Amino acid sequence: MEEQFSAEELQELERQLSCPSGEFGIEVAERMNETNIGMTLSTMDYLDIGNHQSVLELGHGNCAHLPQLLGLAEGVSYAGLEISETMFEAAKTINHSFSADFRLYDGVSIPHEDEAFDRLMSVNSIYFWEQPDVLMKEIERVLKPGGLCVLTYAEKDFMKDLPFVGTKFKLFGAEEIKQLVASCDLVIQGFESGQDQMEDKLGVTGNRSYSMVKLRKT
């Protein structure tokens, strides 16, 4: 696999995964949506979205999953944040017929008021958080008391040998998550493990192990 792709090609793929841009970024995002949809749907289910609740997503990609999310309960409102302008524009285009609040942000400060959301989710974006301790405190700030957050990530042991995983990735297992959550006042409610069959960004299929951690604001 590594012999078929140059170091420069692998570095560009890693860069696009961290912040998709341009036509290649759109292609990467479409592939990510296809390969991550199982993780995304599991995250939405684990989030326990109820009627008339507000949901914030960090790193929504092209957000092709929005119809499924809005269909989970009555009167759900959705807001999404992206660091990628390409993904921001793609999400608005794909979901033009739905009511959603898409915004660009700096990946550190969440541009919403205190206690604005009942639920918050992020799938496969935690690897690229530049200041994770700060962002965790921001997540705590914008959640309502009793609000839930679910962070979903492919397991460290699975990710570490993928050829496109380089210095832009910070990998996580349960211990790293516990250390991160200790930087804020959110409480871990539990971990759920999952596995899916995926085709990676280089066209190689395999079983992917992932985890979801559920956090509650007291």
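# Close-ups of a predicted model

**View 1. Tyr 127, Phe 128 and Phe 169 gather into one aromatic cluster.** Before going further, keep in mind that this is a predicted model. Let's start with two members of the cluster, Tyr 127 and Phe 169. Their ring centres lie 5.7 Å apart and their planes meet at 40°, so this pair counts as tilted. Where do the two residues of this pair lie? Tyr 127 belongs to the loop between strand 4 (117-123) and helix 5 (132-142), while Phe 169 belongs to the loop between helix 6 (156-159) and helix 7 (174-181), so the pair ties together parts that are 42 residues apart in sequence.

View 2. How many aromatic pairs does the structure hold? There are five. In one of them, Tyr 78 and Phe 102 sit edge-to-face, with 5.9 Å from centre to centre and 65° between the planes. Distant parts of the chain are linked here: Tyr 78 is in strand 2 (residues 77-82) and Phe 102 is in strand 3 (residues 101-104), 24 residues apart. If you wonder why those two numbers are quoted, a pair of aromatic rings is described by the distance of the centres and the angle of the planes. Tyr 78 has a relative accessible area of 4%, which makes it buried. Phe 102, at 11% relative accessibility, also counts as buried.

**View 3. Strand 2 pairs with strand 1 and with strand 3.** Look along strand 2 and you'll find it mostly covered, with five of its six residues buried. Strand 1 (residues 54-58) pairs with strand 2 in the parallel sense, over five bridges. Strand 2 also pairs with strand 3 in the parallel sense, this time over four bridges. Which residue does Gly 80 stand opposite in strand 3? That's Phe 102. Gly 80 of strand 2 also has Glu 57 standing opposite.

**View 4. Strand 1 is largely enclosed by the rest of the structure.** Why say "enclosed"? Because five of the five residues of strand 1 are buried. Both faces are covered: Ser 54, Leu 56 and Leu 58 are buried on one side, and Val 55 and Glu 57 are buried on the other. Leu 58 has Leu 81 as its bridge partner in strand 2. Strand 1 also runs parallel to strand 4, and three bridges join them. Leu 56 is bridged to Leu 120 in strand 4.

**View 5. Strand 2, helix 4 (residues 85-94) and strand 3 build a right-handed β-α-β unit.** Zoom in on the N-terminal end of helix 4 and you'll spot Ser 84 capping it, with a side-chain oxygen 3.3 Å from the backbone nitrogen of Thr 86. As you look at the helix, here's a tip: an α-helix has 3.6 residues a turn, so residues three or four places apart point the same way.

**View 6. Two lysines sit over aromatic rings.** Over which ring does the charged end of Lys 214 sit? The answer is Tyr 46, with the charged end 4.2 Å from the ring centre. Lys 170 lies over the face of Phe 172, at 5.6 Å from the ring centre.

**View 7. Ile 177 is a buried residue in helix 7.** Its relative accessibility is 1%, so Ile 177 counts as buried. Which residues does Ile 177 touch, leaving out those up to four places away in sequence? They are Ile 126, Tyr 153, Phe 172, Phe 191 and Val 213. Ile 188 is eleven residues from Ile 177 in sequence, and their C-alpha atoms are 9.6 Å apart in space.

**View 8. Ser 109 lies in the loop between strand 3 and strand 4.** Ser 109 has 39% relative accessibility, so it counts as partly exposed. Its C-alpha atom is separated by 7.9 Å from the C-alpha atom of Val 134, which is 25 residues away along the chain.

Note on methods
Residues are numbered from 1 along each chain as its sequence is written. This is a predicted model: local features need pLDDT of at least 70, side-chain atom pairs count only at pLDDT 80 or more; totals for chains, interfaces and linings use all residues. Side-chain values use heavy atoms; hydrogens and water are left out. Rings of Phe, Tyr and Trp (its six-membered ring) pair if their centres lie within 6.5 Å; planes under 30 degrees apart count as stacked, over 60 as edge-to-face and the rest as tilted. Buried means under 20% relative accessible area, exposed over 50%, partly exposed in between (1.4 Å probe, protein chains only). A charge sits over a ring if NZ of Lys or CZ of Arg is within 6 Å of the ring centre and within 35 degrees of the ring normal. Two strands pair if DSSP finds at least two bridges between them. A crossover is right-handed if, with the strands pointing away from the viewer, the path from the first strand over the helix to the second runs clockwise. Contact means heavy atoms within 4.5 Å. A polar contact is a pair of N or O atoms within 3.5 Å; within protein, one must be able to donate a hydrogen and the other to accept it, and residues adjacent in sequence count only if both atoms are side-chain atoms.
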